[in-house]
Amino acid sequence: MSIVYERSKGLTDKDTHYCPGCTHGIIHKLVAETLVELNVLDDAIGIAPVGCSVLAYEYFNCDMQEAAHGRAPAVATGIKRCRPQNIVFTYQGDGDLASIGTAEIIHAAHRGEKITTIFVNNAIYGMTGGQMAPTTLVGQKATTAPFGRSEELSGKPIKMAELLATIDGANFIERVAVNSPANIRKAKKAITKAFKCQIEGKGFSLVEVLSTCPTNWGYSPVKSLRWLEDNMIPYYPLQNFRNFEEV
Amino acid sequence: MEEKIIIAGFGGQGVMAIGKLLAYAGMIEEKNVSWLPSYGPEMRGGTANCHVIISEKLIGSPVISKDATAAIIMNLPSLRKFENELIPGGKLIINKSLIDQETMRQDVDVYYIPANEIAAELGNSKVSNMILLGAYLELTKAVSIESALEAFLKVFGENKQNVIPLNRTALLKGGEIVKEKSAIY
Amino acid sequence: MSRVLMKGNEAIGAAAIKAGCRYFFGYPITPQSELPEYMSKALPEAGGIFLQAESEIAAINMVYGAAGAGARVMTGSSSPGISLKQEGITYCAGAELPCVIVNVMRGGPGLGSIQPGQADYFQSTRGGGNGDYRTIVYAPASIQETVDYVMEAFDKADIYRMPVLILADGMIGQMMEAVEIKEPNKIDLPEKDWATVGTKGKRKPNIINSLYLDSEKLEQHNANLQKKYNKIEATEVQYEAFGLEDAEVVCVAYGTTSRIVKNAIKHCNDNGIKVGMIRPITLWPYPYDVFKSINPKAKGILTVEMSAGQMIDDVRIAIEGRLPIYFNGRCGGMIPTPASIVEDIKKIAGGK
């Protein structure tokens, strides 16, 4: 008998704390597999954010730093500038990256930092209990938007991939989703390309991954996947925005 | 010896520059020195000043407070602001070309020097500050002319060798003026 | 090496490079901007990297990342900028990362002024950021001392794995004095086997972190930090003191203010009043013990600061009610004058 599937060596044995049906686990696995397949796990230094994935430093089987809220791209910059030979990545949620840490992500991209960012967008603050994020859809309910997000009060949701794609230093920007096997395969390809962008010294790379939050959305895991398909993808189109291979 | 000198005028008159030069020359002569500038937006076109101390002892406060032994003054607001910082008997050197009023102090040695006119006679209006510095050096012997010129190259760059003769002339001219007190207008 | 005439801010940079610092992340702010300016030229020449960050917050977080990756790293700012950096400083303290932070203080609160001040004493010695942590705080009084303590700060940061503050003021930053950048002391420093540099597949992952969701573990972490701080309090206190045993009055001042006070003391001693002085060089740990050497029959203590009187709290702790404490302070960029200090000393000595 041969082994046809095993837990990625890019992950530790630690059980994750994520809620049932949450897609963080899938994204962790994709990142871990990519690091192993590109043979960079032993040189990788990851940065965990503040948010649901705050404990990512316990899950990735490589050196990790835990950053202050939103500051992961600055921390990554500090690491990469003194250890250019290492592969440095940040793993950040939408509250972390698209709200409190917008300055850090925009300027990391702007400088063309040779780092890779995995940006998990589930349109809500998960860890703190379902508050509105800058990415929360108009009309979507949150604990700080009990009647649904009001465009008049809070504006429309922010599209980070499109925003970052306007920056010259951002050499790979793609939005993917992990709501179906087909989309998961595409997500893996994008994550691989993003790390290749760094390995080849091309500049800043980011993959925005649309993700679910069954607990705070208040839907079953299955319905959450469908809700993502029906509501998030129409507003946040899945596509490549910048590709270093085509430059 | 301990020289405590305030140099003040408009930004752009070389106030900071001759202060640095003086401090550097003091260091060349193995003395203790400090140079404390005013800083900030008021310098841009406004009044600039620096406090320079040259001492054979360790320097206490770098701030000169009512104990200046000398002052080189290049505009009227600075005269009014700093004339009271001098000790009795202190040396007050005033650029008469730019200040048409006299000091209120009766108890200091004052020298009114038309530095701009003299600089123009030397063919370069930029050296008026060096004329005033020359006067100060003649009066106090705080540092030698040679140290000041060596410091000039350190402060402004070794590639400024070509303007050393002009600056030497300016320093000497300033010195001559105060030597012949009758020549002071 | 012979002496050179250097501006304080530039001398800080030169000393850091001499001490082996190769990374500087900073943001412009008066009156410390000559430090990043100097580093932007000198660090690349020394084979290092200067990076101008998008914000003070980003700068200190870059320091966190670099320190976590084992680098000798520095940032600098002035008062309002240091306020912004507090988040990163407490994270560095919590994650036990060595780094050196320079504060060239100006007047506050808020945007305050750009003129010299000493009003960040509380912020520097009482934490500044959240949580139970301390930073070693050096308050040099001359540019030579600044240079010497910048170099020492890197070693102490490495030995104790913690942020170390250089607390200067606008005067130190802007003035020029003759300075000698000496060769650094050769001391054995602990290996940074905790740094994130990649596992190379040869060890378990290293994790830089200040999060402990388990209360018992966080309490234990705090206990370990306190143990470290207690050791520092016992071994790292530095001060200058003179004339305490027979003093009628003792002045307490630090940084550039101490030099103004010394002028006043000299005047008083020349005029027959015995005045002693305590100049804390480390503001934390504070030299409490030396206050026990003060003549018990002294008339009082005069604290002089460029603030509304922040160090008085430590003087009170040190003096334990034995002697009255007086204060002479100026704020907002105003500088205490020797004449006013002499006047206060005379009043205290005369029992008024």
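Biologist: Is Glu240(C) buried, partly exposed or exposed?
Modeller: This is a predicted model, and its values are computed. Buried means under 20% relative accessible area, and exposed means over 50%. Glu240(C) has a relative accessibility of 24%, so Glu240(C) counts as partly exposed.

Biologist: Which residue meets the side chain of Glu240(C) in a salt bridge?
Modeller: Side chains of opposite charge can pair when their charged atoms come close. For Glu240(C), the N to O distance in the salt bridge is 3.0 Å. The partner is Lys262(C).

Biologist: How many residues apart are Glu240(C) and Lys262(C)?
Modeller: Glu240(C) sits in strand E10 (residues 239-242) of chain C. Lys262(C) sits in helix H9 (residues 255-270) of chain C. The pair links distant parts of the chain, 22 residues apart.

Biologist: Which residue forms a salt bridge with Arg72(C)?
Modeller: The closest N and O atoms of this pair are 2.6 Å apart. Arg72(C) lies in the loop between helix H3 (56-68) and strand E4 (73-77) of chain C, and its partner is in helix H6 (residues 143-160), so the bridge ties together parts 83 residues apart in sequence. Both residues of the pair are buried. The partner is Asp155(C).

Biologist: Where in chain B is Lys66(B), the salt-bridge partner of Glu85(B)?
Modeller: The closest N and O atoms of Glu85(B) and Lys66(B) are 4.0 Å apart. Glu85(B) is in the loop between helix H2 (76-82) and strand E5 (86-95). The two residues are 19 residues apart. Lys66(B) is in the loop between strand E3 (47-55) and strand E4 (68-73).

Biologist: Is Glu85(B) buried or exposed?
Modeller: The cut-off for buried is under 20% relative accessible area. Glu85(B) has 16%, so Glu85(B) is buried.

Biologist: How many salt bridges does the whole structure hold?
Modeller: Chain A has a network of them, linking Lys29(A), Glu33(A), Glu37(A) and Lys188(A). The search covers all chains. The total is 45.

Biologist: Why is chain B called as compact as a globular protein of its length?
Modeller: Chain B has 6 helices and 6 strands. From the N terminus on, they run β-α-β-β-β-α-β-β-α-α-α-α. The globule rule gives 16 Å for 185 residues, and chain B comes close to this, so it is as compact as a globular protein of that length. Its radius of gyration is 15 Å.

Biologist: What share of the residues of chain B count as buried?
Modeller: Chain B exposes about 7700 Å², and carbon and sulfur atoms supply 51% of that area. Of its 185 residues, the buried share is 58%.

Biologist: Which chains share the most contacts?
Modeller: No contact joins chain A and chain B. Their closest C-alpha atoms lie 28 Å apart. There are 2 pairs of chains in contact, and the pair with the most contacts is chains A and C.

Biologist: Is Thr303(C) buried or exposed?
Modeller: Thr303(C) is in strand E14 (residues 300-305) of chain C. Beyond its neighbours within four places in sequence, its contacts include Val252(C), Met311(C) and Phe327(C). Its relative accessible area is 0%, so Thr303(C) is buried.

Key
Residues are numbered from 1 along each chain as its sequence is written. Chains are lettered from A and ligands numbered from 1 in the order in which they are written. This is a predicted model: local features need pLDDT of at least 70, side-chain atom pairs count only at pLDDT 80 or more; totals for chains, interfaces and linings use all residues. Side-chain values use heavy atoms; hydrogens and water are left out. Helices (H or I, at least four residues) and strands (E, at least two) are DSSP runs, numbered from the N terminus. The radius of gyration is taken over C-alpha atoms; the globule rule is 2.2 Å times the number of residues to the power 0.38. Buried means under 20% relative accessible area, exposed over 50%, partly exposed in between (1.4 Å probe, protein chains only). Accessible areas come from the Shrake-Rupley method with a 1.4 Å probe; for residues, only the protein chains shown count as cover. Contact means heavy atoms within 4.5 Å.
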